[in-house]
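Here's a quick briefing to read with the model open in your viewer. Have a look at the structure first, then work through the notes.

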Amino acid sequence: MTDHSEGWGSKIGLVLAMAGNAVGFGNFLRFPIQAIQNGGGAFIIPYLVCFVLLGLPLVFVEWTMGRWGGQRGHHSTPFAMEKMGKKKIWRYLGGFSFFTTIGIASYYCYLESWTITYLYHSIIGTFRGMSQSEITLFFNHYHDMSSTHSGIPYENVIAFLFCLALNVWILTRGLKGGIEVVAKYGIPLLIILGIFLAIRGVMIQPGEVGAVAYGYEGLNFLWTPQYDSLLNPKVWLAAAGQIFFTLSVGLGTVQCYASYVRSNEDIALKAVSTSFVNESVEIVLGGTILISIAVGFFGIDAVRDLVANEGGFGIAFQTMPFLFQKFGTVAGTFTSVAFFGLLFIAGITSSLAMGSPLVSFLQDEFQFKKRNASLIVGAAILIFGLPTVLFFKEGVFDEYDYWAGTVGIFFFATLQTILFSWVYGADRGWKEFNRAAEIKLPNIFKYIIKYITPVMLITIFIAAFIQPAGGDWSVIWKGGWELDGSSVLGRMLGKGSRETGIYTTLARYFLLGLLTLSILAIYIASRRKEKSKNLKTRK
Amino acid sequence: MNTSALIIMLTVWSLVTILTIYFIAKLLKKK
C-alpha cells in the first residue's frame, strides 16, 4: 500500500466525474429499449421504486465504502472490504470489482468505438442517400472481418484500438488533469446536446420530412400508466437491472472515485447530487430522444416490432443515421454528429471510471506509477476486449454483457450490501455516511439499506436465476416450470438460442480467466504486504 | 397526448429536475 497523494481539483469536478461515471450508454440506449420492451408506462413505476429502494441505498453504501477505504490508503475494493469485514475472504470477494470493471470495459470500449466511427461517417457524409436496409447492412458489415462497407479494412479493429488508446492516455493524466477535465467539459456539453435532440424529437410532426407520427406519441407510450405491471415480476427484474446499469453500482468505480475525497468531506450531498444528475439525464433526456425520433418516423407499432426483433445496443446504430438524413443535408449531419457525439461523451466518461479501480489498485499495492498502471489496464482491456471485436456476431459481446455487465454487478452489489449492513453494521455505516454531512437525509434509508435492499437483491437474484420461460410466473401455481433461456441457470445449462457455439464457451473461459487473474493479483498483493510487514517487524 | 400520461410525466420530470438543481445549487453554495 502506498499513499499516492492524488485528489480531485474541485467538488464540482468530482460530482461531474461521478455523474459521468453513471451517465453512459444505459441512459440513452438501454433505458428507452427496456421501457419499450416492458410495456412503456408499465416500466416507469417499478423503475422509480427501484431507484429509491435499490439505487440510492447502493450509491450511499458505495460512497461510504469509498471514503472509508481511501482514508486507510485503499482506493479499490479488495483491501477496503477486508478491513471493513475484518476477514481475509472479503479481500478476494472484493476482487469481483476487477472482474466487473475490466469485463465490462472490454466490450464497452468496443461500443464506444462505434460512436467514434459513426461520428466520423456522419461528418464525411457516408450515410447520405443510404436506405434503411443499407444502414443496417453498414452496421452488419462493420462487425464482419471479411468485408467492409466503408472501404476501410478492419475499421472496427482500428476504431477499437484508437478508442482504447485515448482512454489509456486520459487515465495516465490522472484524476485532476485527465478524468476531471473530460467530465468538466463533457457533461455540460452532453446535456446541451441532449436537450437539443430531445426538443427536435418531440417537435416531429406527421408529414414533416417523411414522419408518420408525432414525436410526442413516443412520450405518450412511455408515460401512460399501467398499474397491473406492478404485479409482473418480469418488469420488476428489468427495472432493477436498469437501475443497476444506469447508476454504475456493483462495479467499484464509485468507491474508487469516492476514495479520493478528503476525510472530512460531505459525501451525502455529493451522492444524492450525482444520482439525481444521472436520473435527470436518463428520465428526461434518455427517455425522450430515441423514443420520440423513432416513433415519429416509424410509428409506435413498428418501433415495438423493431425492439422485439433487434433489441440491444445496436438498434440506434441501425436506425438513427437513416432517420437523421430526413432532416436534410446540413441539419441531418448536425443532428447525427450531436447524437453520436453525445453517446461518445456518455461512453468515455464511464469507461474511464471502469479503468480507474485497477489503476488505483496497482498504484496502492504494487507501487506502480500512474502511467505504467494505466498501460497495464489498457493491455488487460485489449486482451479481454479483442474477442468481443473479432467475434461480435458470434455472441461474445452479449456473453460479456450478460456475465460481467448483468450477473457480475448484481452479485457484487449484493455482497457489498451484506458487508455494509450486516458485517460492518448498518448503524455504524449510516453514521459514517452522514459524517460531515450538511444535508440531512431521512433516517428511513438506514432501515432500507439494512432490510429492504438486501432482501430485494437476494429475491431478484433468485428470480433471475430460475426465471420461467417467457417470464411467465403464473407457473408457480399452474405448474409446468420451464427455465427461460435468459435465466442464469438457463444460460448455464445452455437453454438459450445461442448457447451452444464454441465462441460463447470461449467467452466464458475468458471471463473465468479474468476472474482468476483478479484473485491471483490480490493474492500476490497480499503476499507482498505480509513480506513487507515481516521485514518491518524484524527491523 | 393522454392527460394522465402528461400529468405523470410532467410531475416526475419536474421533481427530478428540481431536486437535481436544488442539490447542485446547495453543493456549489457550500464552502
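The notes below go from the overall build to salt bridges, surface patches and a couple of distances.

This is a predicted model, where local features need pLDDT of at least 70, side-chain atom pairs count only at pLDDT 80 or more, and totals for chains, interfaces and linings use all residues. Side-chain values use heavy atoms, with hydrogens and water left out, residues are numbered from 1 along each chain as its sequence is written, and chains are lettered from A and ligands numbered from 1 in the order in which they are written. Chain A has 23 helices and zero strands, while chain B has one helix and zero strands.

**Overall build**

- For chain A, the secondary structure comes to 23 helices and zero strands; helices (H or I, at least four residues) and strands (E, at least two) are DSSP runs, numbered from the N terminus.
- Chain A has a radius of gyration of 23 Å, close to the 24 Å that the globule rule gives for 539 residues, so it is as compact as a globular protein of that length. That radius is taken over C-alpha atoms, and the globule rule is 2.2 Å times the number of residues to the power 0.38.
- For chain B, the box along the principal axes is roughly 45 × 10 × 5 Å.
- Of the 539 residues in chain A, 60% are buried; here buried means under 20% relative accessible area, exposed over 50%, and partly exposed in between (1.4 Å probe, protein chains only).
- Of the 31 residues in chain B, 32% are buried.
- Chain B has an accessible surface of about 2,100 Å², and 75% of that belongs to carbon and sulfur atoms. Accessible areas come from the Shrake-Rupley method with a 1.4 Å probe, and for residues only the protein chains shown count as cover.

**Salt bridges**

- Searching the whole structure turns up twelve salt bridges over all chains, each one a side-chain nitrogen of Lys or Arg within 4 Å of a carboxyl oxygen of Asp or Glu.
- One of them pairs Glu432(A) with Arg67(A) at 3.6 Å, N to O. This pair links distant parts of the chain, with Glu432(A) in helix α19 (residues 396-434) and Arg67(A) in helix α3 (residues 41-71), 365 residues apart. Both Glu432(A) and Arg67(A) are buried.
- Arg67(A) and Glu432(A) are also linked with Arg435(A) in a network of salt bridges.
- Lys88(A) pairs up with Glu530(A), their closest N and O atoms being 3.9 Å apart. Here Lys88(A) sits in the loop between α4 and α5 (89-93) and Glu530(A) in helix α23 (residues 502-538), 442 residues apart. Glu530(A) counts as partly exposed, at 36% relative accessibility.
- Arg508(A) and Glu399(A) meet at 2.5 Å, N to O. Arg508(A) lies in helix α23 and Glu399(A) in helix α19, so the pair ties together parts that are 109 residues apart in sequence. Glu399(A) is buried, with a relative accessible area of 1%, whereas Arg508(A) is partly exposed at 23%.

**Surface patches**

- Patches are made of residues with over 30% relative accessible area and no salt bridge; like charges are joined within 9 Å, and nonpolar side chains (Val, Leu, Ile, Met, Phe, Trp, Tyr) within 5 Å.
- Ile458(A), Ile462(A), Ile466(A), Ile476(A), Trp477(A) and Trp481(A) make a nonpolar surface patch of about 640 Å². The elements giving two or more residues to the nonpolar patch are α20 (444-465) and α21 (475-478) of chain A.
- A patch of positive charge on the surface gathers Arg72(A), Lys83(A), Lys86(A) and Arg428(A). Lys and Arg count as positive and Asp and Glu as negative, while His and the chain ends are not counted; a charge is placed at NZ of Lys, CZ of Arg, CG of Asp or CD of Glu.
- Lys83(A) is in helix α4 (residues 77-85) and counts as partly exposed at 37% relative accessibility.

**Distances across chain A**

- Leu382(A), in helix α18 (residues 370-390), is partly exposed at 29% relative accessible area. Leu382(A) and Tyr118(A) are 264 residues apart in sequence and 21 Å apart in space, C-alpha to C-alpha.
- Ala294(A), in helix α14 (residues 289-298), counts as buried at 10% relative accessibility. Ala294(A) and Ala525(A) are 231 residues apart in sequence and 51 Å apart in space, C-alpha to C-alpha.
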